[in-house]
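Dear colleague,

I am passing on the structure that we spoke about, and below it I have set down what was found. Please read the notes with the model open beside you.

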Amino acid sequence: MRGAIEGEAIRLIVLTGVIPSQALEAVEVMHTSTLSSDRSLLVAADRDFHRAIIAASGSARLKRTYSGLEGEIELLLAQRQDFYATAEEMAEEHERLINSLRSRHYDTAREAFKEHWQDLQIKLLDQR
C-alpha cells in the first residue's frame, strides 16, 4: 500500500517539480543526529520525510489514505533504524530520494523509492 500511495505522490511531485521543504528539513535532522542518542528523533525525521512527500502531492485522497496507514508505517520506520550503520547513512539515502525527485524523471524517482521500500522489506524478512 505504501508503495502505491507514495508512487502516486512521486508522480505528482515530478510533474510539479516542487520539493517539499519539510522533506529537506527532515534530511537535515538526520544529518545532525546520531543513531546512539537520537533514535526517536530519527524515526520522527524519517516519518516526517515520507509524510512530506505525501503532502506535497496536493492530493487529499492520498493524504487521507496514508494517514490511515501511518501507525503501521511508523512501526516499520522504527525497526528500520537498526539497519543503518550511522545516521549519516540514513541522511544520504534520503538525499538520494530527494535527488531522484529533482531529476523530474518519473521512472528515475519511482525506481529510487522502490529500492528504498524493497531494501526495508528484504532486511525485515531476513531477520526471521
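How many salt bridges does a search of the whole structure find? The search finds six, where a salt bridge is a side-chain nitrogen of Lys or Arg within 4 Å of a carboxyl oxygen of Asp or Glu.

Before going through some of them, please note that this is a predicted model, in which local features need pLDDT of at least 70 and side-chain atom pairs count only at pLDDT 80 or more, while totals for chains, interfaces and linings use all residues. Residues are numbered from 1 along each chain as its sequence is written, and side-chain values use heavy atoms, with hydrogens and water left out.

**Salt bridges**

In helix α1 (residues 2-16), the side chains of R11 and E8 form a salt bridge with an N to O distance of 2.6 Å. Because R11 and E8 are three residues apart in this helix, about one helical turn separates them; helices here are DSSP runs (H or I, at least four residues), numbered from the N terminus. R11 is partly exposed, with a relative accessible area of 33%, and E8 is also counted as partly exposed, at 30%. For these terms, buried means under 20% relative accessible area, exposed means over 50%, and partly exposed lies in between; the areas come from the Shrake-Rupley method with a 1.4 Å probe, and only the protein chains shown count as cover.

In helix α3, R51 and D48 are likewise three residues apart, so about one helical turn lies between them, and their side chains meet in a salt bridge at 3.9 Å, N to O. R51 is partly exposed at 36% relative accessible area, as is D48 at 28%. R51 also forms a salt bridge with E70, with the closest N and O atoms 2.7 Å apart. Since R51 lies in helix α3 and E70 in helix α4 (residues 60-80), this pair ties together parts that are 19 residues apart in sequence. E70 itself counts as buried, at 16% relative accessibility. Through salt bridges that share partners, R47, D48, R51, E70 and E74 are joined into one network.

R47, another member of that network, is found in helix α3 and counts as buried at 18% relative accessibility. Leaving aside neighbours within four places in sequence, R47 is in contact (heavy atoms within 4.5 Å) with E70, E74 and L77.

Not counting residues up to four places away in sequence, L35 touches L42, Q81, Y84, A85, T86 and A87. By contrast, L35 and T16 are 19 residues apart in sequence but 34 Å apart in space, C-alpha to C-alpha.

**A negative patch**

E28, E88, E92 and E95 form a negative surface patch. Such a patch is made of residues with over 30% relative accessible area and no salt bridge, with like charges joined within 9 Å; Asp and Glu count as negative, and the place of a Glu charge is taken as CD. Helix α5 (residues 87-102) gives the largest share of the patch, three residues. E95 is found in helix α5 and counts as partly exposed, at 32% relative accessibility.

With kind regards

Methods
Patch = residues over 30% accessible without salt bridge, like charges linked within 9 Å, V, L, I, M, F, W, Y side chains within 5 Å. Helix = DSSP H or I, 4+ residues; strand = E, 2+ residues; numbered from the N terminus. Buried < 20%, exposed > 50% of the residue type's maximum accessible area, 1.4 Å probe, protein only.
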